[in-house]
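This report sets out how a two-chain complex is arranged, from its confidence scores down to individual residues. The sequence and structure are shown first.

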Amino acid sequence: MEHFIETIGRNLFAIFGVMALVGALLTIGSRSAIHSVLGFLFAMLNIAGCFLALEAEFLGVAQILVYAGGIVVLFLFVVMLVEMSKKREGEVFQLQSRYAVVAVAVGVVMFLGVFRKVLFGAASPEALVLRPELARGLDVAHQNAQAVSRGLFADYLLPFEILSVILLVALVGAVALAKTERV
Amino acid sequence: MPTPTLIQSLVITLIQCLLVVIFVFVVVPLTVFAERKVLGHLQQRLGSTRVASGHVGFSGWMNRRMWKMGRVPVLSYWRGIPGLVGDVLKLILKEDIMPTKADKFVFFLAPSISMVAAIVVFAAISFVPGTFFTLPTWFPFVGGLPVSGGIADINVGLLWILGVATVGIYGIVLAGWSSNSKYPLLGGLRSAAQMVSYEVPLTLSLLAPVVLSASLNFSEMSSRMAIGMPFWALVPQVIGFLLYLTCGFAETNRLPFDMPEAENELVAGFHTEYSGMKFGLFYLAEYINMTVVSALASAFFLGGPWLLPFGLQGLLNPYLPGFLSWFGAPHAIFFVAKIIFLLFTYIWVRGTIPRYRYDQIMAVGWKYLIPLALVNLLLAAVIRCFAV
């Protein structure tokens with residue numbers, strides 16, 4: 001019994017990973033757009049589970065908060081508002097299938113390359129960890145929210161700010177596009 | 001202190017989950033009952049009084065005693081409680097109608113998402129810091145082991161609560177969509193827009209305690225906010241409390257913000273097509289969400305398991321004489337009392353303030369609450385910088 005539970009605990013990552021794959025398959029395989037969004041939500045929640053299984057609590061919870069809580073809600077919103085009849089929906093999907101095959105093929109090749117590099121390539125010469133002087137007085141293994149924040153606001157402050165400016169640009173661009181369309 | 005084995009700790013977690021479920025299923029029906037009675041008295045009615053087990057039950061016996069003593073029976077406040085059993089039976093036994101053109105799977109999924117998201121939030125809520133109680137030694141298998149005050153007092157507890165609570169939105173949106181009918185769809189869309197908008201000021205108002213206490217852990221935050229704050233932290237706490245409570249009312253879709261089920265415009269909003277226990281799950285989820293919002297408000301602003309709100313306990317504790325030390329220590333009973341008071345406030349506000357128009361709700365959320373919450377956050381940051 002004890003052994004069985006420990007085995008499950010060690011393999012939680014694999015379990016969540018397989019379920020995330022199932023969610024991803026549902027996303028591309030289901031007929032209705034809403035079901036696709038639900039599959040996507042399922043995949044996102046399971047990826048959060050993967051992070052939690054790796055003891056990266058902050059990343060896991062941020063995954064739930066940002067993707068499951070924010071972005072997928074907006075997807076759902078858009079999909080619900082875009083009412084397509086079954087026939088037109090089918091046509092749209094048919095039209096895109098040729099390009100989709102090409103895109104998937106390119107994606108598969110790229111990801112195979114990445115996986116080959118990750119699985120069989122040499123490990124990086126030094127591990128990406130918090131600088132020891134930043135980690136002072138911090139139990140990094142258990143306080144990873146604090147550890148992430150220290151790294152983000154000390155070593156990587158400039159990339160972090162640039163990223164937020166890029167997001168702001170996207171936001172301003174969306175508002176500008178929507179405004180010009182209406183006038 | 002013996003260290004528990006893996007299975008023992010799992011069993012203890014199971015006991016904690018059981019306690020939380022019992023707590024929820026005691027508090028929620030009593031809130032429903034209190035809503036009828038308090039709302040009745042606020043509107044100068046008596047509320048539900050008819051179902052009172054006649055002259056045979058406990059309340060009948062008490063009533064006869066009171067009349068014999070020559071007084072109007074105070075326990076008439078409790079008349080109507082047996083009606084709750086009837087309500088539950090009605091929810092369980094009623095015919096479960098599935099609209100013909102509904103999306104069967106999503107229609108079935110939506111209430112369960114609402115319910116699960118509402119109750120899973122309790123995993124990160126700790127009722128009392130440290131050990132809640134120690135199991136007696138005669139207890140089978142896990143005797144003599146301590147039971148902590150929260151199920152999983154994780155390092156990012158607050159983020160967990162906020163994240164899982166946002167998943168609850170899907171229940172409402174999907175219910176509105178899958179019913180395949182206009183009123184539920186409009187109700188679902190409205191509520192999604194409202195909840196997404198009000199999540200921003202809600203999170204911002206909770207950031208003030210995060211800044212002041214420098215933690216994301218639930219019990220650490222509540223204890224630092226209760227007993228570790230300087231006097232000046234009183235100001236952002238009071239403002240933050242009012243902001244949080246307003247946004248909490250909007251998040252749980254309660255009056256004066258109950259747009260999703262504005263019955264004079266949208267029949268019953270997103271759950272128009274639901275009946276039987278599926279409707280019951282939505283109903284339960286709403287009240288559980290109210291309990292969660294109350295729990296967060298009382299933990300971060302009202303002092304949590306300590307007696308006094310707004311960090312006053314920490315200022316008072318050094319002057320507390322020894323024989324009153326019981327009042328200076330954390331107790332789960334204070335926490336639960338504050339939750340119950342805030343649930344009463346929910347009903348109180350419902351009986352006092354009429355419903356907003358939809359554009360008014362959005363204007364209040366975006367134009368007033370968000371800037372106020374930002375100013376409050378700034379205030380908290382200044383106090384954190386100079387006073388803590």
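A residue is taken as buried if 20 or more other C-beta atoms lie within 10 Å of its own, as exposed if 12 or fewer do, and as partly exposed in between. Ala214(B) has 13 C-beta neighbours inside 10 Å and therefore counts as partly exposed. This residue sits in the loop between α6 and α7 (218–227) of chain B. The phi angle of Ala214(B) is near 55 degrees, a positive value in a residue other than glycine.

Most residues other than glycine have a negative phi. A positive value also occurs at Glu55(A), where phi is near 65 degrees. Glu55(A) belongs to the loop between α3 (33–53) and α4 (57–81) of chain A. Because Glu55(A) has 11 C-beta neighbours inside 10 Å, this residue counts as exposed.

## Confidence of the model

The model is predicted. For the complex, the predictor gives an ipTM of 0.80 and a pTM of 0.84. Chain B has an average pLDDT of 83, and 93% of its residues score at least 70.

Within chain B, confidence is highest in helix α13 (residues 332–352), at a mean of 90, and lowest in helix α9 (residues 263–266), at a mean of 67. Where pLDDT is low, the predicted coordinates should not be read in detail.

## Chain A

Chain A contains seven helices and zero strands; from the N terminus on, its elements run α-α-α-α-α-α-α. Of its 183 residues, 17% count as buried. Among the contacts in chain A with a separation of 6 or more, 43% are between residues 24 or more positions apart.

The chain is divided into domain 1 (1–85) and domain 2 (139–183). Between the C-alpha centres of these two domains of chain A the distance is 23 Å.

## Domains of chain B

In chain B, the domain assignment gives domain 1 (8–41 + 102–386) and domain 2 (48–93). Their C-alpha centres lie 31 Å apart. Eight residues from domain 1 of chain B and seven residues from domain 2 of chain B take part in the contact between them. On the domain 1 side, α1 and α10 of chain B each supply at least two residues, and the largest share, five residues, comes from α1(B). The residues on this side divide into four nonpolar, two polar and two charged.

Helix α3 (residues 82–93) of chain B has twelve residues, and the count of buried residues among them is zero.

## The interface between the chains

The contact between the chains takes 21 residues from chain A and 21 residues from chain B. On the chain B side, α1 (6–42), α5 (157–178) and α6 (182–213) each supply at least two residues. Which helix gives the largest share of the side of chain B that touches chain A? That helix is α5(B), with eleven residues. The chain B side divides into 18 nonpolar residues, three polar and no charged.

## The nonpolar core

The largest nonpolar core has 116 residues. Those with the most contacts inside this core come from both chains: Leu41(A), Met44(A), Val72(A), Val121(B), Ile161(B) and Ala297(B). Helix α10 (residues 276–300) of chain B gives the most to the core, with 16 residues. Not counting residues up to four places away in sequence, Val121(B) touches Ile161(B), Val164(B), Ala165(B) and Val292(B).

Phe122(B) is placed in the loop between α4 (104–120) and β1 (126–134) of chain B. Is Phe122(B) buried or exposed? Phe122(B) counts as buried, because 25 C-beta neighbours lie inside 10 Å. Leaving aside neighbours within four places in sequence, Phe122(B) is in contact with Val20(B) and Ile151(B). Phe122(B) and Trp306(B) are 184 residues apart along the chain, and their C-alpha atoms are separated by 19 Å.

Notes: Residues numbered from 1 in each chain as written. Chains lettered and ligands numbered in written order. Predicted model: local features only at pLDDT ≥ 70, side-chain atom pairs only at ≥ 80, totals over all residues. Helix = DSSP H or I, 4+ residues; strand = E, 2+ residues; numbered from the N terminus. Contact = placed C-beta atoms within 7 Å. Nonpolar A, V, L, I, M, F, W, Y, C, P; charged D, E, K, R; others polar. pLDDT = per-residue confidence, 0-100. Domains from an automatic or database assignment. Core = buried A, V, L, I, M, F, W, Y, C linked by C-beta atoms within 7 Å.
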